[in-house]
Amino acid sequence: MPVFVTQTELRSFAARKTLDEQQTIRKTASQRPLEGATFLSHSSKDDDLVVGATIVLENHGAKVYTDKVDPEMPPYTTEETASLLKTRIRQTKRFVLLASKNSKESRWVPWELGVADGYKGIPKIALFPSADDPNDMTWASWEYLGLYPRIVWGEMKDRPDSLWMVWDHKANTATPLRDWLTGP
């Protein structure tokens, strides 16, 4: 049975890095070329989880982009911000939503997901749920989140060890995370 990553686990992945290394991860994720990158959407209230999620994704072949310190982003949210975010989402190969209770309160997270859905379609979008407990589903209270596959940890048929995967919960099928991130 697949399980969701906990917020404590994401924080612990980040804590294994020095503060300088964490800062480098954040800075690199905002300044890399976008062709072939993975857009990581998240609530600003979940900034403490972004480094851990980035580590998981990059350990599986992703080049993660976040808008946090993108030098081209305006200092204050404006119409220009929305336009630039649309461009960034369109330029990237994959879209991952770091889903949490905080995502519900964000104005930008659902908008970014809608933009990604329009540009990419469901096969190139995945939710990366994070909660207090690996079986906590409070992050999934938006009905439309049921449309998207989820990044989970667990066992896959014909695989000897547990692994990170993109799980289609409706069809109960999965693709190894690395294959999903690096595939066409």
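Tutor: Ala, Val, Leu, Ile, Met, Phe, Trp, Tyr, Cys and Pro count as nonpolar, Asp, Glu, Lys and Arg as charged, and the others, Gly among them, as polar. On that basis, the lining of the second largest pocket has 8 nonpolar, 3 polar and 2 charged residues. This is a predicted model, where local features need pLDDT of at least 70 and side-chain atom pairs 80 or more, while totals for chains, interfaces and linings use all residues. Residues are numbered from 1 along each chain, and side-chain values use heavy atoms, without hydrogens and water.

Student: What makes the contact of Asp48 with Arg11 a salt bridge?

Tutor: The term asks for a side-chain nitrogen of Lys or Arg within 4 Å of a carboxyl oxygen of Asp or Glu. Asp48 and Arg11 meet at 2.6 Å, N to O, so the pair qualifies. Asp48 sits in helix H3 and Arg11 in helix H1, 37 residues apart. The whole structure has 3 salt bridges.

Student: Which residues of H1 and H3 meet?

Tutor: Taking contact as heavy atoms within 4.5 Å, Gln7, Leu10, Arg11, Phe13 and Ala14 in H1 meet residues of H3 including Asp48, Leu49 and Val51. The contact of H1 with H3 has 8 nonpolar, 2 polar and 2 charged residues.

Student: How do you know which residues line the largest pocket?

Tutor: A pocket is an open set of points on a 1 Å grid where a 1.4 Å probe fits, with protein on both sides within 12 Å along at least five of seven lines; lining residues have an atom within 4 Å of a point. Volume is the space filled by probe spheres set on the points, about 450 Å³ for the largest pocket. Of its 21 lining residues, Ser44, Asp67, Lys68, Thr77 and Trp108 are the closest to the centre. S2 (38-41), H4 (79-91) and H5 (108-120) each supply at least two lining residues, and the largest share, 3 residues, comes from S2.

Student: What is the volume of the second largest pocket?

Tutor: About 160 Å³. S8 gives the most to the lining of the second largest pocket, with 3 residues.

Note on methods: Helices (H or I, at least four residues) and strands (E, at least two) are DSSP runs, numbered from the N terminus.
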